[in-house]
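Visitor: I would like to go through the strand pairing and the charged contacts of this chain. Could we have it on screen?

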Amino acid sequence: MDILQRFERYVQENKLFTKEDKILVAVSGGRDSMLLAWLLYQCHFSIELAHCNFQLRGEESEMDEQLVRHFAEENELPLHVIRFDTTDYAERNKVSIQIAARELRYEWFGKLSEERGCVAIAVAHHLNDSVETVLFNLSRGTGLLGLQGILPKREDSKIVRPLLFLKREEITDLVEHYRIPFRDDQSNFSNKYARNRIRLDIIPEFEKLNPDFVEVMADNICRFRDSLEVLQLYAERLRRELLIPRGAEAYLIEKQKIRSVTLNELYFVLEPFGFKKNILSDLLHSLGREPGKTFTSETHIIVTDREYIILSRQKEALAPVLLTSAQTFIRWGSFTFQCEVTKDKTIVKDKHIALLDFEKLTFPLTIRSWQEGDSFQPLGMKGTKKLSDFFIQKKSQRAG
């Protein structure tokens, strides 16, 4: 099977785009992106080229741009070019040059694709890039999600990667065989950056152990993806069994049901809510103890109660405000309080009105969000009731 057939089959099998779609192609001038543009052109896809000049390499950057311009003109392809002051952007946003270039190009690709009616943005990552990504993630610590490598396509993005079936060596051979023009970025041959060190130093050492290391890793990545898919399906099924929806982004989970799952199962069930395994371990150990314990992630909070745990999104706490005896009107966030002193003791059944004994109040009063342990005395009840119990009985998400 020749390269054009292999290319088209990969695009079709991964449902990247069709011949009816318009595609924006990111072309740097390097051999990978030039091969990508050439393959798309040869297979008669509808494409427009996009080139970023980051103005980081002086005359080299200018020659890259000229190469892409010549290729576009020779093949009568629409071309869009933008120049960035990448160094200034990096300094203003306090990020590295690499991150600055990434943010600038992908933001522009997104806007340009919308303006030009492109359904996909094709970039030239290949199989070696995917393997390097896995090794890089492993060096920093990762789970199965980080072992997937680079995906051909994601549901939440226009970015597609049609060259992931090709190794770097194959790309080099194809570019030479079909005499496709390209320019090498010399920074790719420096081990100054972590990814370059993986490419230039680490992978060659693995290849000494096994010459087919990249292919072996590609097979491993496929198995990691398959394992993750099965695990996610199981976690989603368990999630539906355990989580009882209660209002906007709030859930109840029966303590008895949590006791029947392992820590690992609970971790994957609550993974979308950002809880770390050590936090969930503490949660499991607290189930038989006094209710009222709280456990937090960056986005969510868990509160233990008698029969349930309550899972909800953390709200930004409003700063408390003070109400003096002389005030008749006060705002707290989006809430407005109007106060008046009256001798009328008629109880009005309106949830927006509170009737308080003025003589028993100590000013200033503090208006704040509820806190664990807060209680009140419902009308007609001799004792007090915890707010957390009240919220559960009313099947309501706790107040902010």
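This is a predicted model: local features need pLDDT of at least 70, side-chain atom pairs count only at pLDDT 80 or more; totals for chains, interfaces and linings use all residues.

Visitor: How do strands E6 and E7 pair?
Guide: Strand E6 (residues 244-245) and strand E7 (residues 250-254) are antiparallel and share 2 bridges. Ile244 has Leu252 in E7 as its bridge partner.

Visitor: And which residue takes a positive phi in that hairpin?
Guide: That is Gly247, with phi near 80 degrees; the hairpin of E6 and E7 has 4 residues between the strands.

Visitor: What about E7 and E10, how many bridges there?
Guide: E7 pairs with strand E10 (residues 308-313) over 5 bridges, in the antiparallel sense.

Visitor: Is Arg239 buried or exposed?
Guide: Arg239 is buried, because its relative accessible area of 15% falls under the 20% cut-off. Glu236 is partly exposed at 33%.

Visitor: Which residues are joined into one network?
Guide: Arg57, Glu60, Asp64 and Arg183 are joined by salt bridges that share partners.

Visitor: Where do Lys19 and Glu8 lie?
Guide: Lys19 is in the loop between helix H1 (3-13) and strand E1 (22-26), while Glu8 is in helix H1, 11 residues apart. Their side chains form a salt bridge at 3.3 Å, N to O.

Methods. Residues are numbered from 1 along each chain as its sequence is written. Side-chain values use heavy atoms; hydrogens and water are left out. Two strands pair if DSSP finds at least two bridges between them. A salt bridge is a side-chain nitrogen of Lys or Arg within 4 Å of a carboxyl oxygen of Asp or Glu. Buried means under 20% relative accessible area, exposed over 50%, partly exposed in between (1.4 Å probe, protein chains only).
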